[in-house]
Amino acid sequence: MLVLSRKKNESIIIGDDIEIVIVDVKGDQAKIGIKAPRSISVHRAEVYEEIQAENRKAAATKEIAGLGNLFSKFKKK
Amino acid sequence: MKINTSRFGELEVDENEVVTFSEGIFGFETDKKFIIFNTEDDNPLMWMQSLTDMDLAFVIIRPFEFNPNYSLNLADKDVADIDLESPDDSDIFAIVVVPDDPSQMTANLQGPIVINTKKNIGKQVISTNPRHKLKHFILEEMQKFLG
């Protein structure tokens, strides 16, 4: 992994059209600005990990037969 | 095409109903072909069975079933990835976790499944709406909105 040191308000360019700006640094927290085309998706890494973990939990379900009953009391309205 | 699944036994799959997820599902990136079906008419919970891994199936639900106010803003990239021309051609599902006490089942609205129903292309997207959480208690929300 390439590691660069940057100060507040300095930035990094990736490719032709992505710019990462260090907006602010306070203690162990860095505020980062990202300029990128709308075709690039940008998310916190934890979001991916949490969705992966949730998907794995979901995949453990074996049976849902009869669970329609849990919904039926709402359907009567 | 016939497949032999661990949950449903032998299933006859209509090739025209196979949905292709070119990026797979988060955590299951090698599973790119799924079939969606319900097993009971009166049950809003449906199944999404992998055609690659016969042991892999997810329970899914349309968010509208428990939240009539649900809406999703798709990122340009997601729209392009599933080749969506009109919102009318889309269907949205949330993956459901069913715990030992099924009344506590939750739907994941942070990572919904979006499908282009015209072209049968699907993608698990990430919602940037902060109100869309990893766990929405389905029956609790139904009570709130529909009770």
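1. The radius of gyration used here is taken over C-alpha atoms, and the globule rule sets it at 2.2 Å times the number of residues to the power 0.38. In this predicted model, chain B has 147 residues, for which the rule gives a value near 15 Å, and the computed 15 Å agrees with what a compact globule would have. The C-alpha trace of chain B spans about 45 × 40 × 25 Å along its principal axes.

2. As to confidence, the model scores ipTM 0.94 and pTM 0.90. For chain B the average pLDDT is 95, and 99% of its residues score at least 70.

3. The secondary structure of chain B consists of 10 strands and 2 helices, which follow one another from the N terminus in the order β-β-β-β-β-β-α-β-β-β-β-α. Among the contacts in chain B that join residues at least 6 apart in sequence, 53% link residues at least 24 apart, and 51% of the 147 residues of this chain count as buried.

4. Along the principal axes, the C-alpha trace of chain A spans about 60 × 30 × 30 Å.

5. The contacts and burial of chain A deserve a separate point. Of its contacts between residues at least 6 apart in sequence, 0% join residues at least 24 apart, and buried residues make up 23% of the 77 residues in the chain. Chain A exposes about 6000 Å², of which carbon and sulfur atoms supply 53%. There are 15 positive and 11 negative side chains in chain A, with the centres of the two sets 10 Å apart.

6. Because the cut-off for exposed is over 50% relative accessible area, A:Asn9 counts as exposed at 59%. B:Asp83 is likewise not a glycine and has a positive phi of about 60°; the residue is placed in the loop between α1 (76-81) and β7 (90-97) of chain B. With a relative accessibility of 38%, B:Asp83 counts as partly exposed.

7. A further loop residue in chain B is B:Asp14, which lies between β2 (9-12) and β3 (19-20). The C-alpha atom of B:Asp14 is separated by 6.6 Å from that of B:Met1, although the two residues are 13 residues apart along the chain. B:Asp14 is partly exposed, with a relative accessible area of 37%.

Definitions and conventions:
Residues are numbered from 1 along each chain as its sequence is written. Chains are lettered from A and ligands numbered from 1 in the order in which they are written. This is a predicted model: local features need pLDDT of at least 70, side-chain atom pairs count only at pLDDT 80 or more; totals for chains, interfaces and linings use all residues. Side-chain values use heavy atoms; hydrogens and water are left out. Helices (H or I, at least four residues) and strands (E, at least two) are DSSP runs, numbered from the N terminus. Buried means under 20% relative accessible area, exposed over 50%, partly exposed in between (1.4 Å probe, protein chains only). Contact means heavy atoms within 4.5 Å. pLDDT is the predictor's confidence in each residue, from 0 to 100. Accessible areas come from the Shrake-Rupley method with a 1.4 Å probe; for residues, only the protein chains shown count as cover. Lys and Arg count as positive and Asp and Glu as negative; His and the chain ends are not counted. The place of a charge is taken as NZ of Lys, CZ of Arg, CG of Asp or CD of Glu.
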